[in-house]
Amino acid sequence: MNCTSGLTNMADALSAVRTAMFIPENGDRPDANNIAILITDGYSNIKDRRTIPEADLTRKDNIEVYTIGIDIQDLRELRGIASKPSWRYSYDVSSVEELIQLGPNIYETICKR
């Protein structure tokens with residue numbers, strides 16, 4: 001499967017997670033864990049200076065952030081976005097096909113807490 005290249009705005013994605021998705025008006029429950037999984041095949045190239053600050057705000061709002069990079073050579077940005085310790089919350093795969101195989105591992109990690 002081939003992916004087309006384009007623009008990547010992780011800062012706004014993280015902001016939307018925090019301000020629009022995990023809010024009571026959209027079904028957020030205080031007794032449920034808030035978990036976001038960010039999957040990307042690129043680096044931030046829109047509002048890139050806001051990406052890590054938005055990730056910090058997201059994690060401060062008690063939202064666990066998992067990151068998955070598809071065929072990304074430099075994982076520093078994704079590890080900076082992920083919850084800590086990043087080795088537990090950040091994954092990388094070399095292809096979309098490999099992403100399918102990762103699914104059970106992520107499910108097990110999230111649900112066995």
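Reader: What conventions apply here?

Author: Residues are numbered from 1 along each chain as its sequence is written, and side-chain values use heavy atoms, with hydrogens and water left out. As this is a predicted model, local features need pLDDT of at least 70 and side-chain atom pairs count only at pLDDT 80 or more, whereas totals for chains, interfaces and linings use all residues.

Reader: How many helices and strands does the protein chain have?

Author: There are five helices and three strands. These are DSSP runs numbered from the N terminus, with helices (H or I) of at least four residues and strands (E) of at least two. From the N terminus on, the order is α-β-α-β-α-α-β-α.

Reader: Which way do S1 and S2 run, and how many bridges join them?

Author: Strand S1 (residues 34–40) and S2 run parallel, joined by seven bridges; strands pair if DSSP finds at least two bridges between them. Asn-34 has Ile-63 of S2 as its bridge partner.

Reader: And S2 with S3?

Author: S2 also pairs in the parallel sense with strand S3 (residues 90–93), over four bridges. There, Thr-67 has Ser-90 as its bridge partner.

Reader: What do S1, helix H2 and S2 make?

Author: Together with helix H2 (residues 51–60), the strands S1 and S2 make a right-handed β-α-β unit. Right-handed means that, with the strands pointing away from the viewer, the path from the first strand over the helix to the second runs clockwise.

Reader: Why is S2 described as largely enclosed by the rest of the structure?

Author: Eight of the eight residues of S2 are buried, so the strand is largely enclosed. Buried means under 20% relative accessible area, with exposed over 50% and partly exposed in between (1.4 Å probe, protein chains only). Ile-63, Val-65, Thr-67 and Gly-69 point one way from S2, Glu-64, Tyr-66, Ile-68 and Ile-70 the other way.

Reader: Changing topic, how many aromatic pairs does the structure hold?

Author: It holds one. Tyr-66 and Tyr-89 form this tilted pair, at 4.8 Å centre to centre with 50° between the planes. Rings of Phe, Tyr and Trp (its six-membered ring) pair if their centres lie within 6.5 Å; planes under 30 degrees apart count as stacked, over 60 as edge-to-face and the rest as tilted.

Reader: Where do the two residues sit?

Author: Tyr-66 is in strand S2 (residues 63–70) and Tyr-89 in helix H4 (residues 86–89), 23 residues apart, so described as linking distant parts of the chain. Both Tyr-66 and Tyr-89 are buried.
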